[in-house]
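Hello,

Here is the structure I said I would pass on. Please look through it first; my notes on what was found follow below.

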Amino acid sequence: MHIPDGYISPHTSGIFYILTFPLWILSFRRIRNNLGQHRVPLLALLAAFSFLIMMFNIPLPGGTTGHAVGGVLVAILIGPWPAITVLTLALAVQALFFGDGGLITLGANVFNLGVVMPMVGYLVFRAVAGRTRPTERRYAVAAAIGGYAGINLAALLVAIELGIQPILHHMPDGTPLYCPYTLHVTLPAMLVPHLTVGGLAEALVTGGVVAFLGRYHPGLFPGEAEQPAVTEQHRDGIQ
Amino acid sequence: MKYRKAWIALAVLAVLSPLGILAIGSAWGEWDMETIQDLTGHAPEGMQEARDNRPDAPFQEYEVPGLSGNWLQTGAGTILSALIGAGITAASAIVLHRIVRHGTIPR
């Protein structure tokens, strides 16, 4: 899912840097204003986690490989805005030190995996979770659904970004300059594997970790630590 | 140390990371130039140019220079890459937080 340099044009890459730049600023501001000093170790922990989880390639239908990203999990644990920074750091280190993705395409990769995936996945999670708390089963199920939605939306974006290249950039005789495949190829190639195995892997990682932490460390979730324990009865009484 | 157990879990993930390179095949749309030439019959010019101008990463493909040849060395290289990468990522998060906290961000 990391677009390497050369698969999309410098022009497309530049547009994604421009789109992503203000979101970085907003993410930094959220971190400065809303992220307490006590949550900085969590920021570092989640950045290392997302770096590592992306190393676990699994075989996907169609003979390709893919991996979970952890973007929605990060958003659930530290908030969707700080998640942008967390994913950006993991993607930047992957591109700079390991040649995974690219430096020119980093803006696009951050937009797909670091902005849209955590943001939209988080919104889906919130919508499904409703007012449930991390200790409840629906909370973890919502996390899994959010993860599934997030990775598939990212896969859709990658497919579109790659698939429009032959239309946008080609030689006078029509020979493509960058990604040679059109949307007819890129859409099924990205979506079929992710709607099935890739999405399932993301759902299992997101839902699994949230279920585990919800059971054993519910205080880790945003808004949980500060509140005094609310019993079911109290909560039902409030509603 | 805060989140000690979680850091241990991440270290276990790093040690298990060679499992992630067992998957046969490559990610769709992340091929090298030779593969794309095989697949499509030609090397797109703009792609070739971007590839030629790309600086080599120190640990390209999560391999540590000098650690390759047999599966044992490749596996060790992957684990080392995982530890180095996770370490740099975590450290950069702390550094970035300091900069964001004490520096100025445009409003």
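Helices here are DSSP runs of H or I with at least four residues, strands are runs of E with at least two, and both are numbered from the N terminus. By that count, B:Y3 sits in the segment before α1 (4–16) of chain B. Please keep in mind throughout that this is a predicted model.

B:Y3 is not a glycine, yet its phi is positive, about 60°. Most residues other than glycine have a negative phi. B:Y62 also has a positive phi of about 60° without being a glycine. That residue belongs to the loop between α3 (45–53) and α4 (71–102) of chain B.

Are these two tyrosines buried or exposed? A residue is buried if 20 or more other C-beta atoms lie within 10 Å of its own, and exposed if 12 or fewer do. B:Y3 has 16 other C-beta atoms within 10 Å, so B:Y3 is partly exposed. B:Y62 has 25 C-beta neighbours inside 10 Å and therefore counts as buried.

Chain B as a whole

The secondary structure of chain B consists of 4 helices and 0 strands. Its radius of gyration is 19 Å, well over the 13 Å that the globule rule gives for 107 residues, so chain B is more spread out than a compact globule. The C-alpha trace of chain B spans about 55 × 45 × 25 Å along its principal axes. Of the 107 residues of chain B, 24% count as buried. Among contacts in chain B with a separation of 6 or more, 37% are between residues 24 or more positions apart.

Chain B is divided into domain 1 (32–62) and domain 2 (63–107), and the C-alpha centres of these domains lie 24 Å apart. Their contact takes 4 residues from domain 1 of chain B and 4 residues from domain 2 of chain B. On the domain 1 side, the residues divide into 2 nonpolar, 1 polar and 1 charged.

Chain A as a whole

Chain A has 9 helices and 2 strands, and its elements run α-α-β-β-α-α-α-α-α-α-α from the N terminus on. Its radius of gyration is 19 Å, close to the 18 Å that the globule rule gives for 239 residues, so chain A is as compact as a globular protein of that length. Along its principal axes, the C-alpha trace of chain A spans about 70 × 35 × 30 Å. Of the 239 residues of chain A, 59% count as buried. Of the contacts in chain A between residues at least 6 apart in sequence, 75% join residues at least 24 apart.

Helix α5 of chain A

Helix α5 of chain A covers residues 106–129, which is 24 residues. From its first C-alpha to its last it reaches 32 Å, close to the 34 Å expected at 1.5 Å a residue. Where does α5(A) have a kink? The kink, of about 35°, lies at A:V116, shortly before the proline A:P118. α5(A) is mostly covered, with 19 of its 24 residues buried. A:G130 follows α5(A) and has a positive phi, near 55°.

A:I58

A:I58 lies in strand β1 of chain A. This residue has 17 C-beta neighbours inside 10 Å and so counts as partly exposed. A:G36 is 22 residues away from A:I58 along the chain, and their C-alpha atoms are separated by 36 Å. Leaving aside neighbours within four places in sequence, A:I58 is in contact with A:T65, A:G66, A:H67, A:V197, A:A201 and B:A23.

The interface between the chains

How many residues of each chain take part in the contact between A and B? 53 residues of chain A are in contact with 49 residues of chain B. On the side of chain A that touches chain B, at least two residues each come from α1 (10–34), α2 (40–53), β1 (58–59), β2 (65–66), α4 (80–98) and α8 (183–216). The largest share, 11 residues, comes from α2(A). By class, this side of chain A has 37 nonpolar, 13 polar and 3 charged residues.

Regards

Definitions and conventions. Residues numbered from 1 in each chain as written. Chains lettered and ligands numbered in written order. Predicted model: local features only at pLDDT ≥ 70, side-chain atom pairs only at ≥ 80, totals over all residues. Contact = placed C-beta atoms within 7 Å. Nonpolar A, V, L, I, M, F, W, Y, C, P; charged D, E, K, R; others polar. Expected span 1.5 Å × (residues − 1). Bend = angle between axes of the 7 residues up to and from the residue. Rg over C-alpha atoms; globule rule 2.2 N^0.38 Å. Domains from an automatic or database assignment.
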